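Hi,

Here's the structure I promised to pass on.

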Amino acid sequence: MLCNFCTNIDFDQVSSGDGYKHHASYADLYDSAEKGCEFCSLIRETQLKTDSILGLGDWPDELDRGDIGINQITIVSEWTLVTDKSVRESHDTIQIRQKDRRAARKPRKRHLDCALNTAVLPSDSLSQLILNRPPSRNPASDECFATAINWLSHCQQNHPLCAGELQQHELPTRVIDVGPADGSQSPRLYVTNKVAGDWVTLSWCWGASQPVKTTLATLQTHQVSLPLAELPAIFNDAIVITRRVGYRYLWIDSLCIIQDSADDWTAEAANMGNIYKYSAFTIVAEAVFDDTQSILDGVRPSQWPVAIPYYRKEGTLTGKIFLRPDFDFGRDITKWESRAWTMQEDALSPRSLKWSTQELVWSCRTAQYSEEDIAGRTFVQRSALTGVAKFKEVCLSPKNLQIASGIVKYEQQGKLDSNNYVLGIWLDLLGRYLRRDITFHNDRLPAISGFAKEIARHTGFNYKAGLWEQNIHMELVWHVYEESGNPRDVEYMAPSWSWASIKHPCGCHHEDGVKEDIVQKTTPLAEILEIEVINFNNDPFARVKSGRLVMRSKARYVQPGDEDCGYYIPDRRLKGEENKVVNERNTSPIPPEALCFQILLGSRISCLVLEDVAGNSGTYRRIGKAWFQKDLQVEDWKMMEVTVI
């Protein structure tokens, strides 16, 4: 139901400077909402939610002043349509304001002021002005798949930065042959013998349930047939999607890796980065928790709760506008977004088709689109890239990376070189990655190994248990973010100086920034004498058997009551602990006889806090990180050589 004001909206007035005249007062709008007008109710609910988000408190009951105007905000898009190289204007937001006749009085009283997003159907007369579209409610509809195929085709034909992966590569060791599009042949596991071809990958969450796996016992059977009736819902969906988009081969980790063979898992995990990097695209099952759920079944909830009719040009053009509040606060992080393995899978994939709970989303190395946002973002301004869109840059060739990121310009100005730019991407991704969950903690290094290989390809740097030898000082001074209890497993994962030794979230040292600031604003204080890391299969990106770091720098032992130390962040943090100052009596001082060892000079002196390994004088284990003021002068700092394991 809509009131008279909401059924006769003149969009020409909405887009004018004066706006369309709505109810004369908030009291009238409130009364209309109470009588069931959907648009008035949406305005009122949006205002209440907006005030709650802004912390303004309850809405005054006595509010009744001024006209309510719906004023169009004209947005000059920062992105360009892929079919139109000019900057486009869009009318994707309307502002609902209450004119304040007492605006000159101080302080100004509360008044109605909220915003709503707008969307129209593709056939609507406003479709060239309003670029949002209400997504299909059916995630398996022909409309959804036509959109996906169009995005894929457009990327392959028009995105030079994405086209580098169009040539065929060797297929992974095993793939699923999904059979012809008509489903006349049952899927089966296909041992490829490394022939060239195209394939699709699946990124999903295993969950608590145990998916269908390929094991030594089922390997032969799976090569004969993988009946759809015996496969979980998400695998069925991936097979359907692969067929409908026009591909024959699909890679799913639990089926294409022999799960009870340590040798096969190690070999395939080492190649997993390339499996995603060279895939045609990745199916991202963001909307599900485990393999038992489907991304194609069911009906999506409507994200546009209200639709209102409008007219233009004195009634000669009519249509319908869909509306919703203009805020996106409080969206829960999906399980897929919280898992460590999926971050690398998404970042390395040249193209991703993400089935979310709300819509289908496309991302590649050039653009992002969604069913809702058809204009999307084409990354003409690479400096505007954030998150996974920026991470995807590391898969470009060195030449294309320099062109795409503008590194050449910065190099000419003497501000930045390509290694520092790539390290900035690495530190950004690593900081996010280490906040994600992982089931087996000794997978921390394998789950990011593909991305690390791309960094090594660009920089030529040496990878040492998760740290880069040529940037070792910066990367040694990571710290634990949150409560960690006992941070290190009994099972060995990595040397104590590596973030990979920690089970709980930890972060990198961004105190002095990334990119050019990595080199220009920090000074190494420790002399690195030796870094020795022994990995499984002699693969520097694989799990670690052992490691040691030999350094020489100024150091001092901490004494009880010592007032010279600044802030200490232990690797083992208790609930509620923050950074503590040693000279105040608190729950977390640096332990007596711990060794503070200087590593890096930035805006402060960053140190590792080490404890002596019992019975092995001169060999230490990291237990935390400390900061000292830059101008600290302490006589008992002595040069020491230590071995940290």
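**What turned up in the core and the rings**

The largest nonpolar core has 112 residues, and the ones that touch the most other members are Ile283, Trp426, Tyr433, Phe451, Trp468, Trp499 and Met551. Helix H15 (residues 418–433) gives this core its largest share, nine residues. There's also a second, separate core of 27 residues, with Tyr26, Ala33, Ile96 and Ile130 among them. Do keep in mind that this is a predicted model.

Leaving aside residues up to four places away in sequence, Met551 touches, among others, Leu476, Phe597, Leu608 and Met640.

Now the aromatics: the whole structure holds 16 aromatic pairs. Tyr247 and Phe281 are an edge-to-face pair, because their planes sit at 75° with the ring centres 5.8 Å apart. They're 34 residues apart in the chain, with Phe281 in strand E12 and Tyr247 in the loop between helix H7 and strand E11. Phe281 is buried at 0% relative accessibility, and Tyr247 is buried at 16%.

Tyr463 and Phe541 have their planes at 20° and centres 5.0 Å apart, so this pair is stacked. Tyr463 is buried at 5% relative accessibility, as is Phe541 at 13%.

One last thing, on helices: H11 and H16 pack at about 45°, with axes 8 Å apart, so H11 is oblique to H16. Phe451 turns up here too, as one of the H16 residues in the contact, while Gln344, Ala347 and Leu348 take part from H11.

Cheers

Conventions:
Residues are numbered from 1 along each chain as its sequence is written. This is a predicted model: local features need pLDDT of at least 70, side-chain atom pairs count only at pLDDT 80 or more; totals for chains, interfaces and linings use all residues. Side-chain values use heavy atoms; hydrogens and water are left out. Axes are lines fitted to C-alpha atoms, for helices over the stretch in contact, and angles run from 0 to 180 degrees between N-to-C directions. Helices (H or I, at least four residues) and strands (E, at least two) are DSSP runs, numbered from the N terminus. Angles under 35 degrees count as roughly parallel, over 145 as roughly antiparallel, 65 to 115 as roughly perpendicular and the rest as oblique. Contact means heavy atoms within 4.5 Å. A nonpolar core is a set of buried Ala, Val, Leu, Ile, Met, Phe, Trp, Tyr and Cys residues joined through side-chain atoms within 4.5 Å. Buried means under 20% relative accessible area, exposed over 50%, partly exposed in between (1.4 Å probe, protein chains only). Rings of Phe, Tyr and Trp (its six-membered ring) pair if their centres lie within 6.5 Å; planes under 30 degrees apart count as stacked, over 60 as edge-to-face and the rest as tilted.
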